[in-house]
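Please open the model in your viewer and keep the selection tool at hand. The stops below say what to select next and what is there.

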Amino acid sequence: MNGVASPTALAPDVPARSPLSIERFLTAWVEAVNDYLERQFREIIQQKPSADKLSQYKLECKWLLRSALKLDGMVKDPEYPASHFGPEIAGKLLQLRESWESLNNPMSEAEAEAILQKVFPDEPRAGSVA
């Protein structure tokens with residue numbers, strides 16, 4: 001027998017660090033959400049997307065949002081081994097909710113113009129006389 005103790009050799013009342021697999025999973029999930037949000041900005045917000053591309057983003061957002069809701073509940077469990085991910089997952093959940101709202105209830109040109117006028121009242125607009 002070798003001298004290396006196995007992780008299961010800990011006494012049941014001794015709290016173990018987060019299992020590496022959970023840390024890696026949550027880190028990969030956060031990276032996947034960040035990737036989605038970056039792509040959404042480039043391909044949906046900065047461009048005029050096709051109906052097919054918009055549909056793909058809605059589907060992806062729906063499943064990322066569902067996973068965020070489940071993960072948010074899990075990390076709030078006081079015994080969850082990687083509860084330190086809680087604030088980050090809660091933040092991603094908010095971002096995904098905003099993404100869902102923007103994909104399913106986009107702002108009209110008039111609403112966008114009204115917000116820009118309110119926030120930047122002295123700035124000329126594209127297409128307006130400066």
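Which residue lies over the face of Trp63? Select Trp63 and you will find Arg66 over the face of the ring, at 4.3 Å from the ring centre; a charge sits over a ring if NZ of Lys or CZ of Arg is within 6 Å of the ring centre and within 35 degrees of the ring normal.

Before going on, note that this is a predicted model, in which local features need pLDDT of at least 70 and side-chain atom pairs count only at pLDDT 80 or more, while totals for chains, interfaces and linings use all residues. Residues are numbered from 1 along each chain as its sequence is written, and side-chain values use heavy atoms, with hydrogens and water left out.

Next, select Leu26, which, leaving aside its neighbours within four places in sequence, is in contact (heavy atoms within 4.5 Å) with Leu71, Tyr80, Ala82, Phe85 and Ile89.

From there, move to Ala82, in the loop between helix 2 and helix 3; helices are DSSP runs of H or I, at least four residues long, numbered from the N terminus. Ala82 counts as buried because its relative accessibility is 0%, where buried means under 20% relative accessible area, with a 1.4 Å probe and protein chains only. Beyond its neighbours within four places in sequence, Ala82 is in contact with Ser18, Ile22, Glu23, Leu26 and Val75. Show the C-alpha atoms of Ala82 and Ile22 as the last stop: these residues are 60 residues apart along the chain, and the two atoms are separated by 7.1 Å.

Terms used:
Helix = DSSP H or I, 4+ residues; strand = E, 2+ residues; numbered from the N terminus. Buried < 20%, exposed > 50% of the residue type's maximum accessible area, 1.4 Å probe, protein only.
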